[in-house]
2 protein chains.
Amino acid sequence: MTTRPLRRYAYCADGPEIYRESFAIVRAETDLSGIPADARHLAVRMVHASGQPDLVQDMRFHPDLVSAGRATLLAGAPLFVDSMMVSAGITRSRLPAGNEVICHLRDHRVEQLAAAWGTTRSAAAVSLWGDELEGAVVAIGNAPTALFHLLEWICEGGPRPAAIIGVPVGFVGSAESKQALIEHEAGIPYLVVTGRRGGAAIAASAVNALAGGPS
Amino acid sequence: MTTRPLRRYAYCADGPEIYRESFAIVRAETDLSGIPADARHLAVRMVHASGQPDLVQDMRFHPDLVSAGRATLLAGAPLFVDSMMVSAGITRSRLPAGNEVICHLRDHRVEQLAAAWGTTRSAAAVSLWGDELEGAVVAIGNAPTALFHLLEWICEGGPRPAAIIGVPVGFVGSAESKQALIEHEAGIPYLVVTGRRGGAAIAASAVNALAGGPS
């Protein structure tokens with residue numbers, strides 16, 4: 001294909017203009033009054049990624065989430081994620097210090113560990129994050145068991161991340177795992193979407209907004 | 001970490017059991033009466049991936065979508081996708097013929113083509129799909145411009161896919177591109193989520209259900 005096909009539909013094909021229009025619509029339709037001022041660009045991107053302005057009603061931001069998360073990324077800390085979809089959704093060029101994005105789901109040790117411990121592969125993969133997790137940023141967009149496992153590990157003195165984006169999706173354990181993050185004794189700054197909604201696109205959009213700074 | 005941390009929360013950590021419970025909840029809460037019988041396992045997986053039973057109200061299935069899409073995958077046709085997140089969400093072990101999953105978004109020609117044509121990178125990437133697209137399965141979960149471009153190309157005699165999963169997400173062009181797919185003159189079997197909702201997770205879940213057959 002060496003020529004562009006004839007335009008038959010009236011649509012905007014200018015990438016930056018699509019972004020501008022999209023964010024203008026999101027800002028016009030979304031009530032950001034309940035969101036901390038320094039977190040509104042995250043909320044906007046999460047609404048954009050989900051197509052749902054009412055997602056904002058379920059967002060819960062710890063007051064230090066953005067300041068802690070952003071400082072951590074600027075300092076070069078890695079990002080730990082629970083799924084390849086979250087990893088694929090993170091725009092590497094936005095990361096302020098070429099930060100590494102780490103997912104252990106396909107590590108060869110995961111299968112065996114999950115079987116030995118009687119848990120999911122997602123939870124077993126979390127246990128491989130290791131000491132680098134200390135002071136890092138976490139984004140969980142898929143598995144409630146990964147979030148539960150992380151919170152249990154922290155209780156036992158495991159490495160303590162600087163910020164946790166906890167937005168697993170689904171019908172079994174998702175709402176409960178996010179509530180557990182909000183109430184967790186370690187008091188680590190969090191971002192949560194309460195209830196069943198969440199997912200890799202929402203997790204990645206929050207990371208991308210955090211990484212890029214206010215826009 | 002060589003031991004599993006102490007369980008502090010009451011949650012199911014058995015992967016297959018989580019799936020069973022999740023799908024049972026989805027089936028109990030979702031009104032599938034408007035969905036063709038052979039497409040209900042797709043609807044269930046899409047609801048599961050989104051955490052939203054009411055997503056079913058916006059689903060539109062062409063009557064031949066499942067039969068055409070499934071036969072095509074069984075015959076070994078490739079899958080063309082518009083984003084790395086869709087690709088990352090497709091479970092390769094479910095694909096019935098080791099089908100190739102193809103995304104050209106990171107192809108070196110995309111940037112130049114998009115600039116020359118005054119279109120998005122996502123649309124330019126579609127134009128690189130080539131003759132292999134004939135009789136293949138398409139899944140668009142991100143960019144409305146990719147779907148518009150594909151429909152325009154088909155109008156000009158471009159390769160004709162066997163089935164199109166068209167679920168781009170967002171506020172600019174998303175709803176319109178999906179309506180254009182439903183009304184397209186070529187009559188290619190489609191799956192659409194009308195309106196603004198959609199996304200990579202929904203696209204990938206539809207592919208995974210189509211690939212695995214009824215469960």
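When I say contact, I mean heavy atoms within 4.5 Å. One thing to keep in mind throughout is that this is a predicted model.

Is B:Thr120 buried or exposed? Its relative accessible area is 10%, so B:Thr120 is buried. Which residues does B:Thr120 touch, leaving aside its neighbours within four places in sequence? From chain B there are B:Ala114 and B:Thr145, and from chain A there are A:Ala13, A:Gly15 and A:Ile18.

That brings me to how the chains are related. In general, two copies of a chain are related by a rotation about an axis and a shift along it. Here, chain B is superposed on chain A by a rotation of 180 degrees, with 0.0 Å of shift along the axis and an RMSD of 0.0 Å. That is the relation of a two-fold axis. Within chain B, the C-alpha nearest this axis belongs to B:Met85, at 2.5 Å. As for the interface, 100% of the interface residues of chain B are also interface residues in chain A, so the copies meet through the same surface.

Next, the aromatic rings. How many aromatic pairs does a search of the whole structure find? Over all chains, the search gives eight. One of them joins A:Tyr9 and B:Phe148, with ring centres 5.2 Å apart and planes at 40 degrees, so this pair is tilted. The pair crosses between chains: A:Tyr9 is in the segment before α1 (15–29) of chain A, while B:Phe148 is in helix α7 (residues 144–155) of chain B. B:Phe148 is buried, at 3% relative accessible area, whereas A:Tyr9 is partly exposed, at 22%.

In chain B, the charged end of B:Arg7 sits over the ring of B:Tyr11, at 3.9 Å from its centre.

A second pair is found within chain B. The rings of B:Tyr19 and B:Phe23 have centres 5.5 Å apart and planes at 50 degrees, so this pair is tilted. Both residues are in helix α1 (residues 15–29) of chain B, four residues apart, which is about one turn of the helix. B:Tyr19 is partly exposed, with a relative accessible area of 42%, while B:Phe23 counts as buried at 15%.

I will finish with chain A as a whole. Its secondary structure comes to nine helices and six strands. The C-alpha atoms of chain A fill a box of roughly 60 × 45 × 35 Å along the principal axes. Does the radius of gyration agree or disagree with a compact globule? For 215 residues such a globule would have a value near 17 Å, and chain A, with 18 Å, agrees. Of the 215 residues of chain A, 62% count as buried. Among contacts in chain A with a separation of 6 or more, 64% come from residues 24 or more positions apart. The accessible surface of chain A is about 8300 Å², and carbon and sulfur atoms hold 49% of it.

Note on methods: Residues numbered from 1 in each chain as written. Chains lettered and ligands numbered in written order. Predicted model: local features only at pLDDT ≥ 70, side-chain atom pairs only at ≥ 80, totals over all residues. Heavy atoms only, no water. Phe/Tyr/Trp six-rings, centres within 6.5 Å; stacked < 30°, edge-to-face > 60°. Helix = DSSP H or I, 4+ residues; strand = E, 2+ residues; numbered from the N terminus. Buried < 20%, exposed > 50% of the residue type's maximum accessible area, 1.4 Å probe, protein only. Lys NZ or Arg CZ within 6 Å of the ring centre and 35° of its normal. Rg over C-alpha atoms; globule rule 2.2 N^0.38 Å. Areas by Shrake-Rupley, 256 points an atom, 1.4 Å probe, with all protein chains shown as cover. Least-squares fit on C-alpha atoms with pLDDT ≥ 70 in both.
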